Amino acid sequence: MTTSRNVISILTDQHRVDTLGAYGNQTVRTEHLDALAAAGTRFDRWYTPTAICTPARASVLTGAAPFRHKLLANYERNVGYQEDLPEGHFTFSQALRDAGYNCGLIGKWHAGTHRLRDHYGFDGAELAGWHNDVDNPDYLAYLDERGLPGYRISEQMRGTLPNGGPGNLLAARLHQPLEATFEYYLAERTIELLHRYADDLRTSHTPFYLALHFFGPHLPYVVPDEYFDMYDPEAIELPPSVQETFTDKPPVQSNYSAHWTFDTMSEAESRKLIAVYWGYVTLIDEQIGRVLAVAEELGLMDSTAVMFSSDHGEFTGSHRLHDKGPAMYEDIYRTAGIVRIPGAPAGQVRQEFVSLLDTTATVLDWCGLDPSSAVDSRSLLPLVRGEQSDWDPAIVCEFHGHHFPYPQRMLRTDRYKLVVNPDSVNELYDLQADPDELHNRYQHPEMHEIRAALISDLYRRLRARGDNFFHWMTSMYDIGDVDYDPSMSGLDEDTYDHQE
């Protein structure tokens, strides 16, 4: 093989960081992701820019934060936000294509409704939506070619909605063999494309970028018998934050809890849901192992960077919630992040605050391209190579709504987390004393100086980024003197410097 620089990027959906052995879970079998972490760098403070699919995925595509690229919500439940990137917006895939790369993306797209993966230069069947596209013609053809049975489920798990109707489907038993599952199918299609790209690399020295985007372990957790029953519910401890009372919390959180029907389900059902979720994680890990084994057999690993992460996390009962939503807890904002670069130190663990956004600049940097157009992204290569780097000691995340508009901004530092909720109470958590984020200390008198410093820090960061959320903070909090006209009218002589 040539020494061309290639990339295999694996992205799961709604994947909790604490389900991986490499991140401390002693029960869930994730041997292939654990091996990847042992061969590369595990980031312990890896955050999504926003805990919702479309905005996070558009950020990976563009290297821009959601407030900048403006795809702010999933289109299925959109409430008027833009649904596609504007024509001409920078994407890393176009930069790679222009540099002569093959680009493929197998699996979930969910980063636009009209401009789809082929518009951005990606090979791969078009798979729609937020969940396994089990009616897709390519998947049905795959089943038919192999004589495999179609999708059929039983033992659906769901709660009861406040209006008395049935809740969202959370899990079910899948009556298909492993080879017929959507996850196995995605791995098969990835392996097929990997063979094709390896041939092109060998015969014409064409480098490649190949992404495998699983729809899981996003709910509903629909898996075959082996995985549905893999883990004993009785051996599972419910998360400590199941004690959530929502006292001093934004009311939207208790509303979301009711929407996700947590309190209408028994403790045994909650344990079973977690057990099935873990089984789903293992199923996906095994498919990742199949793909990486083929890359090894093809002699690609000495020239190929491998990245793994998720678009965001999942509650699975934490804070009496499921899915994700307008609550900026660690459960959904901190995810796994693993990067393996040929020649870089193995088994490294980094504590810097990094973002899923940073994968964009990292890919471009690894491929020898200018990462500066990925304006909110920073290459992780210096960290992966074990170099000391002047890295930001905090991270900013954002949210814009899901089902309804709901703007939030978060500042996470080494010890504290500040969340600004304009329609409601703000939140401040001491993650050293309260790692489960049960106690909102925003109004506690002893936190006054810390709160003021965090508010000021977040304000300055948002202004520097050009995130206009800072205008709300200008009028509502003590952020000191301003050097601009807060009304943005240019009509106030006391704050506006007229240009003659």
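Q: How many aromatic pairs does the structure hold?
A: This is a predicted model, and it holds 20 aromatic pairs.

Q: What makes phenylalanine 122 and tyrosine 209 an aromatic pair, and why is the pair called tilted?
A: Their centres are 6.4 Å apart, and rings pair if their centres lie within 6.5 Å, so these two count. The planes are at 50°; under 30 degrees would be stacked and over 60 edge-to-face, so this pair is tilted.

Q: How do you know that the pair links distant parts of the chain?
A: Look at where the partners sit: phenylalanine 122 is in the loop between strand 3 (102-107) and helix 5 (137-146), while tyrosine 209 belongs to strand 6 (residues 208-213). That puts them 87 residues apart.

Q: Are phenylalanine 122 and tyrosine 209 buried or exposed?
A: Both are buried, meaning under 20% relative accessible area. They also belong to a cluster, where ring pairs link them with Phe92, Trp109 and Tyr120.

Q: Why is arginine 290 said to lie over the face of tyrosine 184?
A: Arginine 290 is 3.7 Å from the ring centre, and the cut-off is within 6 Å, plus an angle within 35 degrees of the ring normal. Arginine 451 likewise lies over the face of tyrosine 442, at 5.1 Å from the ring centre.

Q: Which residues have the most contacts inside the largest nonpolar core?
A: Leu186, Leu194, Phe308 and Tyr333, in a core of 90 residues. Helix 9 (residues 267-297) gives the largest share, 15 residues. A second, separate core has 39 residues, including Trp109 and Leu381.

Notes:
Residues are numbered from 1 along each chain as its sequence is written. This is a predicted model: local features need pLDDT of at least 70, side-chain atom pairs count only at pLDDT 80 or more; totals for chains, interfaces and linings use all residues. Side-chain values use heavy atoms; hydrogens and water are left out. A nonpolar core is a set of buried Ala, Val, Leu, Ile, Met, Phe, Trp, Tyr and Cys residues joined through side-chain atoms within 4.5 Å. Buried means under 20% relative accessible area, exposed over 50%, partly exposed in between (1.4 Å probe, protein chains only). Helices (H or I, at least four residues) and strands (E, at least two) are DSSP runs, numbered from the N terminus. Rings of Phe, Tyr and Trp (its six-membered ring) pair if their centres lie within 6.5 Å; planes under 30 degrees apart count as stacked, over 60 as edge-to-face and the rest as tilted.
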